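Keep the structure open while reading.

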Amino acid sequence: MIPVLSASALRKRYGASEVVAGLDLALKPGECFGLLGPNGAGKTTTLRLLLGLTRPDGGSISLLGLPVPENAREARLKVGVVPQVDSLDPDFTVTENLLVYGRYFGLKDHDIRARIPALLEFAELESKAEASIESLSGGMKRRLTLARALVNDPDVIFLDEPTTGLDPQARHMMWQRLRRLLGAGKTILLTTHFMEEAERLCDRLLIMDKGVAVTTGAPRDLIAEHIEPHVVEIYGGEGKPDCAGLCQRQEQVGETLFCYAADPHALLERLQQQCELRYLHRPSNLEDVFLKLTGRELRE
């Protein structure tokens, strides 16, 4: 199967810092591929390289069968982009934003207008067709930005943290819309800081840090490979039990002790005898993997 988007040995340096250092990736048609990493990992630079907006210092890129950046403009005609920060024009109505954006792709006005009702239905903004941008809620603006990215009927969609700043209801609605796109055969490249989002949507993902790929694979496979199946979080400052021998690995973070175990029963029995302790037993998840591989220190 020929990848829709691929990069090999991709490199980009700014001064003494190599922000992308030999990155390889390949997206299959119709899949959602997640690009994860802490702040400063090189995700935004990677997106710019893949779109042909930044010239790489080394490596090769192919987007929809075209070399990038050499033929980036032609390739982007069948690409949709949802940026991290909304760039809707406040001087135009909802419909006008879609109409003007479609013209950037060389589409005729009558063809764009024919697509607008379906785009508004997709974004659940039918009643806001003539509304000003300033009158929209944050969730509405994000849905409109997604609809705008579809005005050219793209084959590949780049989503840069599409649900940042949304409340849970709006986030779940965005997830439903993204699943519809995947069901329609679109290919999605997603960056996100929400690990639950990546687990729910991504067929495969790549975790990167300091410009290099740390690991890649399906979310469930990465969880099984890198982390114990059970996590027990023990809260509070005093009176925590000695968990040595009761779990495979433990980590103290502030006042919380994280215990990672293949079989948590002995640890849970010990905790049940200490009624004053607060604790949570849960299955391990992608966030545990992410923190284990990239660290817990704050990135600015």
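A pocket is found on a 1 Å grid over the protein atoms alone, as an open set of points where a 1.4 Å probe fits, with protein on both sides within 12 Å along at least five of seven lines; lining residues have an atom within 4 Å of a point. Grid points are joined across faces, edges and corners, and a volume is the space filled by probe spheres set on the points. The largest pocket holds about 490 Å³ of space.

The model is predicted: local features need pLDDT of at least 70, side-chain atom pairs count only at pLDDT 80 or more, and totals for chains, interfaces and linings use all residues. Residues are numbered from 1 along each chain as its sequence is written, and side-chain values use heavy atoms, with hydrogens and water left out.

**Largest pocket**

- The lining comprises 19 residues, and those closest to the pocket centre are Leu51, Leu53, Arg76, Val81 and Tyr101.
- At least two lining residues each come from helix H1 (43-50), helix H2 (72-76), strand E6 (79-82) and strand E7 (156-160).
- Helices (H or I, at least four residues) and strands (E, at least two) are DSSP runs, numbered from the N terminus.
- By class, the lining has 13 nonpolar, two polar and four charged residues.
- Ala, Val, Leu, Ile, Met, Phe, Trp, Tyr, Cys and Pro count as nonpolar, Asp, Glu, Lys and Arg as charged, and the others, Gly among them, as polar.

**H8 and H10**

- Helix H8 (residues 219-226) packs on helix H10 (residues 286-294) at about 55°, with the axes 9 Å apart.
- H8 is therefore oblique to H10.
- Axes are lines fitted to C-alpha atoms, for helices over the stretch in contact, and angles run from 0 to 180 degrees between N-to-C directions.
- Angles under 35 degrees count as roughly parallel, over 145 as roughly antiparallel, 65 to 115 as roughly perpendicular and the rest as oblique.
- H8 and H10 cross in a left-handed sense: the near helix is turned anticlockwise from the far one by less than a right angle, whereas clockwise would be right-handed.
- Leu222, Ile223 and His226 of H8 touch Leu286, Val289, Lys292 and Leu293 of H10, where contact means heavy atoms within 4.5 Å.
- This contact of H8 with H10 has five nonpolar residues, one polar and one charged.

**H5 and H6**

- The axes of helix H5 (residues 138-149) and helix H6 (residues 168-183) lie 10 Å apart, at an angle of about 15°.
- H5 and H6 are therefore roughly parallel.
- Their crossing is right-handed.
- Gly139, Arg142, Arg143 and Leu146 of H5 meet Ala170, Met173, Met174, Arg177, Leu178 and Leu181 of H6.
- Six residues of this contact are nonpolar, one is polar and three are charged.

**H3 and H4**

- Helix H3 (residues 94-103) and helix H4 (residues 109-122) cross at roughly 130°, their axes coming within 9 Å.
- H3 is therefore oblique to H4.
- The crossing of H3 and H4 is right-handed.

**Backbone details**

- Most residues other than glycine have a negative phi, and most peptide bonds are trans.
- The bond from valine 68 to proline 69 is cis, with omega near 15°.
- Proline 69 sits in the loop between strand E5 (66-68) and H2.
- Glutamate 124 is not a glycine, yet has a positive phi of about 55°.
- The loop between H4 and H5 contains glutamate 124.
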